[in-house]
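Subject: Structure handover

Hi,

Here is the structure you asked to look at. Please open it next to this email, and my notes follow below.

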Amino acid sequence: MLIMAISSTARPQSKFSLQQASGRLPHLFGKKNNDRYLCVTAGDRLYAIGNQAGNFPSVGFHVPGQMGGIWQHPIKLLNGFRLTLTDSNTGVVAHADTCDHFVTCSFTTQYSYQFPQEQLSVTRTDFVPDGMPVLVVEYALTNNGNADKDITLQLAADVNLMPVWLGERSGMIDTTDALLSYDKETGTVFFKDNNNPWYAGISAEGRHIDFKGTQPSPYPDKGITGNLSALIHVAKGATALLRFYISGSIKNKAEIQVNIAKAKKMLPQLFLAKERRYQQLEENAKIDIPDTALTEAYQWGKYSSDWLVRDVPGMGRAMSAGLPDYPWFFSNDQAATFPALTGTIQPGIFYSSWKMLKQLSYKTNGDNGSIIHEASTNGAVYATGRMEESQLHIITAWDIFKWTGDMEFLAINYAQGQKLWKWLQEHDTNHNGYIEGYGGVEIAGLNAEMLDVQVATQRFLEVMGNMATILKDTKAAGNYHEKAEQLRKNINRDWWVPGEKRYADFISSKEKAIDIIDSALANRVHPDRNSWALQKLTALKTSILDNTYTAKGYVVYYNSSGIGPLEEGSADTVKALQAFQQIGLFTNKFGMYISGIERPDDIHMDEGSFKHDKEFNYNRAVMPAAIANLAIAVCRYGNPDTALQYIHTMLHSFSFATPGTMYEVSPDYGMFVQAWNIRGVNIPLIHYFFGIDPLAYKKEITLRPGFPSAWKYASIKNVIIGDNLLSVNYHTTTAGNEYIITTTRPQWTVKLYVGPYRTVLVNGKNVRPENGCVILKEKLNKVRVIA
């Protein structure tokens, strides 16, 4: 057993307190009965995942039971740690195995323990600085009694140095861990994987430290456990602090020493630096709206997005997909998330993420323009890419360009898009204009001509035409736009299934359609749950076999991708209205089924904690991502009131389990932090309610506000567009609408759509709109629109 004895005086080790400093931060309280749910303390170089009870359970399915704990990618450092307190006077032992109160702050976590028998309160505060792989764990002991106390704290540190998922593909083979050395001068104990250069170090504030060996870990892996012991004198009515520092390295123990020494020396400054960065994050695109639930979810979406940024040595800096099982890099997740983050953060993460994806894709797929699906933090690529992901990569590059105006970024992605278009056409083997292969729906057999692939291709061609126009590739621009429009018409002609009032999941041969129906009947239809699906698919199969089925496409799984043409705004208006009318059949209290075939006969059956299978899967999943797409789609067709209803449907999952987050699957399954969930908040709010549509390279911003009818005011400040900051303040009265629109840079043009009007005043002067828009060229513009 490793024993570390640390002596301290009655006064705190330092005047600075993480506990007190965290009191300044935005925070949310965990619910009393949610202690089993997970939480995270995150930095870009290291994070710790445990539960809200303050423990570190074995969680995760990618590496079963190993996705929690303390990770410094591409290695894991610790499974976790445990605290025991002993009153030196009475000999009473107390175990801090379940906290009484959990609080998540914008970038710290706190666990409060009450020991009434000992008249003692303990608060644990966890913090990870920016740019440093160090976890700081502070214990604040408060003596609530009338006599001084001597308390012995024993921290059991469960070391587990092991590689990330797919580590074996890069030669990362886990072996047993061992105590490496103890540095008495710095008070740091080091551990190492026996056959690999993977190191972990644990240090405490204090100079008098001893140790006496190791013991086996209680976890079923190759780690070991060390016990750290500290003797703390706590005066009556006083609070004493003890802090531990945990770090790792894939190089040597010297790197750990440097990082821990810096964290110890500069902890107040490191905390303040991160606090100021988060304050700036809060000020970026700051909103004031008459909807407290939406405001809170919007604010915490900024925080949780930041928790997912990973900076991995040798790979670069990018946004991961989710925690605990997706802490690495996915092209589709980033493509879904980044359009929602534009205007709210500086664009550096967009550029570095795209650079990483391009490098990994070139290495894996060659120079054909296609983009990989998923890569672990050791650089190993798991999947080379589904068909729609490459198109989404270019589409999102266009969205980023619109907000940044970066011409070099545009040119790089246009060149890649040219290669991609050649590659895509190779996957249209029957030359009917529809690309073949798996789309975003991860269901075996759905690799025919998939709807989401065609919708992504149509949008990709439109974007390529826009890029070509700006880059003065005139002939190509016309060709891309012509193909995009033809594909849009073809999708509306061939993929609409009148009897279902929705677009088909796929187009295939009759034989393949039968196989897909049979698979769905066998695996996803249960007569005691979704008998409606049994009736539908049985009738569909019969009509195919007797040649009475007349539509080209097939609806089998009722996938949420069926709203793709609506989300892109490419659906014919009549078809869109019909689709919106029937889509409610597939939504419950929390949102929309990702595969509508899972909808139970009783729509309320799944309106509780998710009843998952023994093995991880998405069967029966209601996802915020699906209802987010629906909210965006109704925005496209000019219905903000309905969009707001869908947003609040999604928000039923917010803080349901983990405060400040929405789970990947509503309300409490899968990833407890999921990057793309913010789509359903940010895009309707910023792109449609406030109607912000920039072309930063032209120094031009179009505003087409469409607020929910119940909102009498709304404002957004400091929206990042190029080198400019846009602010919009809206107020409505019985006489009309009033706007105050400001920019921080001169020589920018804002086009404000005012709609039907009687009188429009700009800075007190009567103006005549052009094509329904007033042109604003001042840095400060006051607009009154009198109906």
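Which residues does Val-556 touch, not counting residues up to four places away in sequence? The list is Asp-505, Phe-506, Ile-516, Ile-517, Ala-520, Leu-537, Leu-540 and Ile-597. Keep in mind that this is a predicted model.

**Confidence**

The average pLDDT of the protein is 94. A score of at least 70 is reached by 97% of the residues. Residues 1-14 are another matter: their pLDDT stays under 50. For that stretch the model has 60 contacts beyond four places in sequence. Where pLDDT is low, the predicted coordinates should not be read in detail.

**The cores**

Back to Val-556. The largest nonpolar core has 199 residues, and Val-556 and Ile-692 touch the most other members. Helix α8, residues 451-470, gives this core its largest share, 10 residues. There is also a second, separate core of 49 residues. Its members include Leu-83, Phe-102, Val-122 and Leu-228. In soluble globular proteins, nonpolar side chains tend to be buried together.

**Helix α11**

**Salt bridges**

How many salt bridges does a search of the whole structure find? It finds 34. Here are some to look up.

Start with Lys-541 and Asp-518. Their closest N and O atoms are 2.7 Å apart. Lys-541 lies in helix α11 and Asp-518 in helix α10, so the pair ties together parts that are 23 residues apart in sequence. Lys-541 is partly exposed, with a relative accessible area of 25%. Asp-518 is partly exposed too, at 29%.

Next, find Arg-524 and Glu-598. Their side chains meet in a salt bridge, at 2.4 Å from N to O. This pair links distant parts of the chain, 74 residues apart. Arg-524 sits in the loop between α10 and α11. Glu-598 sits in the loop between β30 (592-593) and β31 (622-623). Are these two buried or exposed? Arg-524 counts as buried at 10% relative accessibility. Glu-598 counts as buried at 3%.

Then go to Lys-575 and Asp-572. Their side chains form a salt bridge at 3.2 Å, N to O. Lys-575 counts as buried, at 17% relative accessibility. Asp-572 counts as partly exposed, at 28%. The cut-off explains this: buried means under 20% relative accessible area.

Elsewhere, salt bridges that share partners join Asp-130, Lys-274, Arg-277 and Asp-306 into one network.

Glu-567 lies in helix α12, residues 564-567. Glu-567 is buried, with a relative accessible area of 14%. Not counting residues up to four places away in sequence, Glu-567 touches Asn-629, Ile-632, Ala-633, Arg-636 and Arg-679.

Where is Asn-284? Look in the loop between α2 (253-283) and β19 (286-288). Asn-284 is buried, with a relative accessible area of 7%. Leaving out residues up to four places away in sequence, Asn-284 touches Tyr-298, Lys-302, Thr-344, Ile-345, Lys-717, Asn-718 and Ile-720. Now check Gly-343. Asn-284 and Gly-343 are 59 residues apart along the chain, and their C-alpha atoms are separated by 7.7 Å.

Best wishes

Technical notes. Residues are numbered from 1 along each chain as its sequence is written. This is a predicted model: local features need pLDDT of at least 70, side-chain atom pairs count only at pLDDT 80 or more; totals for chains, interfaces and linings use all residues. Side-chain values use heavy atoms; hydrogens and water are left out. A salt bridge is a side-chain nitrogen of Lys or Arg within 4 Å of a carboxyl oxygen of Asp or Glu. Helices (H or I, at least four residues) and strands (E, at least two) are DSSP runs, numbered from the N terminus. Buried means under 20% relative accessible area, exposed over 50%, partly exposed in between (1.4 Å probe, protein chains only). A nonpolar core is a set of buried Ala, Val, Leu, Ile, Met, Phe, Trp, Tyr and Cys residues joined through side-chain atoms within 4.5 Å. Contact means heavy atoms within 4.5 Å. pLDDT is the predictor's confidence in each residue, from 0 to 100.
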